[in-house]
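Welcome, and thanks for taking a look at this one with us. Please keep the structure open beside the text while we walk through its charged pairs and a helix packing.

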Amino acid sequence: MNERTLLVTGAHFILYVADQRRSQRFYAAVLGEPARLDVPGMTEFDLPGGAVLGLMPEAGARRLLGERLPDPAMAAGAPRAELYLLVDDPAAHHARAVAAGARELSPLAARDWGHHAAYSLDPDGHVLAFAKES
């Protein structure tokens, strides 16, 4: 059998959002950085570690992927994804998220898996966590 190894040269995490402008403003405030790309249909931010966070309007995802994709808007704020970011100061990042309009789920606390993490919901209902190894 011929086994192949997947060679990943980068990672993009794309969240489907109801309002691209609102989400762009939110993540610019939370990450403390401007978008690296901001055009109709896609906003991108560089993330720690070299990954990219993309924000795509729900309607754009539907147009791109077709009718077989369940309508992302049907989730209506129900958590559909978690963005878990390892950062130097999770308390400060979490506070910025809450100040920018996130809803706090859990304050910064020691977690069983060896991290201190704080959780909130972004404006579209995606879980946003900021963490640091204990």
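## Salt bridges

The salt bridges in this structure come to five. Keep in mind as you browse that the model is predicted.

One of them brings together the side chains of Asp 38 and Arg 21, with N and O 2.4 Å apart. This pair ties distant parts of the chain to each other: Asp 38 sits in strand E2 (residues 37-39) and Arg 21 in helix H1 (residues 20-31), a separation of 17 residues.

Now turn to Arg 36, which is partly exposed with 46% relative accessibility. Its side chain meets that of Glu 44 in a salt bridge, 3.1 Å from N to O. How accessible is Glu 44? With a relative accessible area of 13%, Glu 44 is buried, because the value falls under 20%.

Arg 36 also forms a salt bridge with Asp 46, where the closest N and O atoms are 3.1 Å apart. Here too, distant parts of the chain are linked: Arg 36 lies in the loop between H1 and E2, whereas Asp 46 belongs to strand E3 (residues 42-46), ten residues away. Asp 46 is partly exposed, its relative accessible area being 47%. Through shared partners, the salt bridges join Arg 36, Glu 44 and Asp 46 into one network. As a general point, side chains of opposite charge can pair when their charged atoms come close.

## How H1 packs on H3

Let us return to H1, this time for its helix partner. Two packed helices are described by the angle between their axes and the distance between the axes. For H1 and helix H3 (residues 90-99), the angle is about 155° and the axes are 8 Å apart. Because an angle over 145 degrees counts as roughly antiparallel, H1 and H3 are roughly antiparallel to each other. The crossing of H1 past H3 is right-handed.

Which residues make the contact? From H1 come Phe 26, Ala 29, Val 30 and Leu 31, and they meet His 93, Arg 96 and Ala 97 of H3.

Conventions. Residues are numbered from 1 along each chain as its sequence is written. This is a predicted model: local features need pLDDT of at least 70, side-chain atom pairs count only at pLDDT 80 or more; totals for chains, interfaces and linings use all residues. Side-chain values use heavy atoms; hydrogens and water are left out. A salt bridge is a side-chain nitrogen of Lys or Arg within 4 Å of a carboxyl oxygen of Asp or Glu. Helices (H or I, at least four residues) and strands (E, at least two) are DSSP runs, numbered from the N terminus. Buried means under 20% relative accessible area, exposed over 50%, partly exposed in between (1.4 Å probe, protein chains only). Axes are lines fitted to C-alpha atoms, for helices over the stretch in contact, and angles run from 0 to 180 degrees between N-to-C directions. Angles under 35 degrees count as roughly parallel, over 145 as roughly antiparallel, 65 to 115 as roughly perpendicular and the rest as oblique. A crossing is left-handed if the near helix is turned anticlockwise from the far one by less than a right angle, and right-handed if clockwise. Contact means heavy atoms within 4.5 Å.
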